[in-house]
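Visitor: I am new to reading protein structures. Please put this one on the screen, and I will ask as we go.

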Amino acid sequence: MSQTTAIVPLLTAVGTNLAISAGLFLAFSVIRSRNKIVYEPRIKFSDTKKQPPKLPDDVLSWVTVMTYNDLEQAPKIGVDAVIFLRIARFLAHYFSILAVIAVPHMLINAFATKGQSGEFLPSISAANIEPNSQWWWLPAILSYVYACIFYYMMWNLWADYAQLRREYFATDEYLHNPKNRTVLVTEIPEELHNREKLKEFVMEYQEFVPQSVLLGRDFVDLPDLVKEHEKITLKMEKILMRYLRDPYNLPERPTHRENAALGVFGGELVDSISFYGKKLHELEAKIYQIRTRPNDSFKANNSAFIQFDKIIGAHQTAKKLSSNLLDKTKQMAKTGMLQPPSFKLSPEFDDIIWDNISVDAVQKWPRRLISIGLTVALFFAYTFVIMPFIYSLSNISNWSRIPGLQEKLDHYPVLTVFIQSYLAPILTIVVNIIIPVLFRFLSRLQGVVSKSGVERSTLNKFFAFLVYQFIAYLLNTVLESYLKSLFLPNDKKEEDFFKVLGKKFSETAGFYVSLTATMYSAQALEIIQAAPFVMTFIRRRFLKSTPREQFKLNEPPRLDYMATYGSLLFTFFNTLAYSLTAPFIVLFAALLFWIYFLVMKYQLYYVYETEQEEGGRWLGHVFFLMCLSVAGFQFATFGMIVVNCAFRSFNNGKTQSLLTALGMLLTGFFWFFIRNYVAPKADFVSKHQEDVAFADVDEPSHPADQLEKRVFNPYLVKPLPKIWVSPQQQAQLQQLYKPQYADLIDFVRRTQPHLLPQAQQIQQEQKEQVRTLLRRQTKTQPRFLEDETLMSADHADVPPEVEELHELMDIYDK
């Protein structure tokens, strides 16, 4: 009996992981009330209006989070968190329904196969039904049943989303956020590089008059200079941390080789503190020199911001001038432009990737093609280069070829055990952590204009990568079995490749059941926060951190929506793919999704903050990937019927497979209908929602016509980072380094005094913009910065530049 189809190893894996999970959940229940700063940080640090209900100290009181109404709690946890929980609940309910169907389905399969295999799991698999049996109608029909259940539940989810969005639009936070009355325009052609012409273009498509237009500017070398300044500042902080560890017993001055090959060979030996200090002074002068110039002196780039006095104006513009292919085609026909500008509701201004909004269409298409090419190359490199290399490292004979190493391996047996048992898994984990980082880089490379957009683009790549791994594992298993069979005696050879494919597809379900079982323990580790705790302990205990790095460690934990959605969607995909071939997998997945829902509901209410609230816009992207998963399930069912029935029978399976294939078209139609006729009603404010659409939201302190004071490139106004050391090292720092200029006014006073009046005006405008920046920063964690218990005693509470921002807002003058 093969290991992949044995019931005992599967049940052992599931039972072991359930036991581990139960132990970890019990441990969490006991220690939660004693460590509330770790397990309930949102109660302590969130704004009062966003604090979740307080929990009693009872051992199991945390489970009562399941009774909370997520839609009612949206103001406390955010719409993104609510939508995530609705999707998690959707999956739990969906697979619970499928589990109810799967039980009689397995019994029918056992009857249809008549226990011919003699094994339990193959006997309940549809893949082992006789080719001429009429029972092959059952998976064809169930593929429609499962799909229709998905359509119905997803329709209800979109209805909840639309209601939630309407309530979100009506909140004071949404109404008074100027970005919600602003449209971001990118890929502007040369003939529209003018405020009035851009206004006229917009007015041709909708009735609302733009209030103001702010053209994007090309700030020459400023972005690179600011990035270089930040990079060198971090280097200086690292150097000074080590050099000033004992301010009263200083070591030798630190040195390094500048322009050295690989950072080691050749180059000029220089004093690190003096060298980097001089570089910072040079960068300050260059940055302030550019910042003294008024905005109009910079060349307009291919972007602009258009603001309306009413929210409906921005929403109607973004809706009617959207960047989808149909709308673009209409614009091209009407205007004669080969590439009309792209319009979208503005992201949060500090969420924008300013380097990308000026990329024009001519540049964007090659960047997209390069990004796609590198993504595909990474897929194949992972399969044919990276993973074979990693697993070759676990072969001890490969290490013994290195001269002198065999003696050390013989002398240290523990090293041999580590190489054979732990090295490959550890390196695999490291590679799988690096992969999403590379995908984020590729998403930025292709020209995505916001950080949140990068995350959604990365999710598409990450999901494709996981599905690719699924297919690669299946094909590898099939090919290995088929090629081995070629060397067997004729009576034991496999008849054809497709027969092996049908057999192995069913058998590999056991691997994914084991994988699902390990996720039980993973969720228990998630709620007890094992990984963050271990990583933070290692960094604090064994790695010396600068005050700035320490400050980042103390930031409120934030949910990585991209990675979390990726894990959920892949489990949804592979479970659904096997749901008719090996129905038992549905039972284990249903349990997993309920555990997942419980854990993530607690985490989002009491632990995690949402870094960038988007009003639930993740749903559209997740919905697309879920529809792809349903289509993949229908294709897998189609393939199962074709391979196991139609290819092996003279008059059976053709109609069933054709019927199943038509289901993929139905799923495509469902996605198209939701995307084009349901989603827009949830994404944009309607004219019928008059209290929101035509609300008068201007505030006296923020005149509506001062768009430039709200939308600004941070490279132009954001204060430069100051060297941050511990209070004990502050006196020594003043002797080693200090900024050459205090601020822009100081720079002009000392270098170009005749421009002082103009510089004072610019400085005043920048202070207004900086105040806006600080309001956004303090909005997400206003109370966190006030708590001193999380900060190291050796470090200041906030970075020096943030402290200056507080002073600009007179926070410390009260």
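Visitor: In which helix does L11 lie?
Guide: First, the term: helices are DSSP runs of H or I with at least four residues, strands are runs of E with at least two, and both are numbered from the N terminus. L11 falls inside the helix made of residues 7-31. That helix is α1.

Visitor: What kind of model is this?
Guide: Residues are numbered from 1 along each chain as its sequence is written, and side-chain values use heavy atoms, with hydrogens and water left out. Local features need pLDDT of at least 70, side-chain atom pairs count only at pLDDT 80 or more, totals for chains, interfaces and linings use all residues, and the model is predicted.

Visitor: Does L11 count as buried, partly exposed or exposed, and why?
Guide: Buried means under 20% relative accessible area, exposed means over 50%, and partly exposed is in between (1.4 Å probe, protein chains only). L11 has 47% relative accessibility. Therefore L11 counts as partly exposed.

Visitor: How many Å apart in space are L11 and V513?
Guide: Along the sequence, 502 residues separate L11 and V513. In space, going from C-alpha to C-alpha, the distance is 9.5 Å.

Visitor: Among contacts between residues at least 6 apart, what share joins residues at least 24 apart?
Guide: Contact means heavy atoms within 4.5 Å. Take the contacts in the protein between residues at least 6 apart in sequence. The share that joins residues at least 24 apart is 79%.

Visitor: How much of the protein counts as buried?
Guide: The protein has 32 helices and six strands. It holds 814 residues. The buried share of them is 49%.

Visitor: Which residues does Y68 touch?
Guide: Y68 sits in the loop between α3 (41-45) and α4 (74-77). Its relative accessible area is 15%, so Y68 is buried. Its C-alpha is 9.4 Å from that of P53, which is 15 residues away along the chain. Not counting residues up to four places away in sequence, Y68 touches P53, L55, K601, Y605 and Y606.

Visitor: Which residues is K50 in contact with?
Guide: K50 is also placed in the loop between α3 and α4. It is partly exposed because its relative accessibility is 30%. Leaving aside neighbours within four places in sequence, the contacts of K50 are R42, P75, K76 and E173.

Visitor: Which residues is S457 in contact with?
Guide: S457 belongs to helix α18, residues 451-485. With a relative accessible area of 11%, S457 is buried. Leave aside its neighbours within four places, and its contacts are S443, Q446 and V448.

Visitor: How do α7 and α26 run relative to each other, parallel or antiparallel?
Guide: Helix α7 (residues 137-169) and helix α26 (residues 654-683) pack at about 5 degrees, with axes 10 Å apart. Here axes are lines fitted to C-alpha atoms, for helices over the stretch in contact, and angles run from 0 to 180 degrees between N-to-C directions. Under 35 degrees counts as roughly parallel, over 145 as roughly antiparallel, 65 to 115 as roughly perpendicular, and the rest as oblique. So α7 and α26 are roughly parallel.

Visitor: How many nonpolar residues are in the contact of α7 with α26?
Guide: Ala, Val, Leu, Ile, Met, Phe, Trp, Tyr, Cys and Pro count as nonpolar, Asp, Glu, Lys and Arg as charged, and the others, Gly among them, as polar. The contact of α7 with α26 has two charged and six polar residues. Its nonpolar residues number 20.

Visitor: What do the buried residues of α26 pack against?
Guide: The buried residues of α26 include Q656, G663, F670 and I674. Their packing partners are α7, α12 (311-320) and α25 (618-644).

Visitor: What is the phi of E187?
Guide: Most residues other than glycine have a negative phi. E187 lies in the loop between β1 (182-186) and α9 (195-203). E187 is not a glycine, yet its phi is positive, at about 55 degrees.
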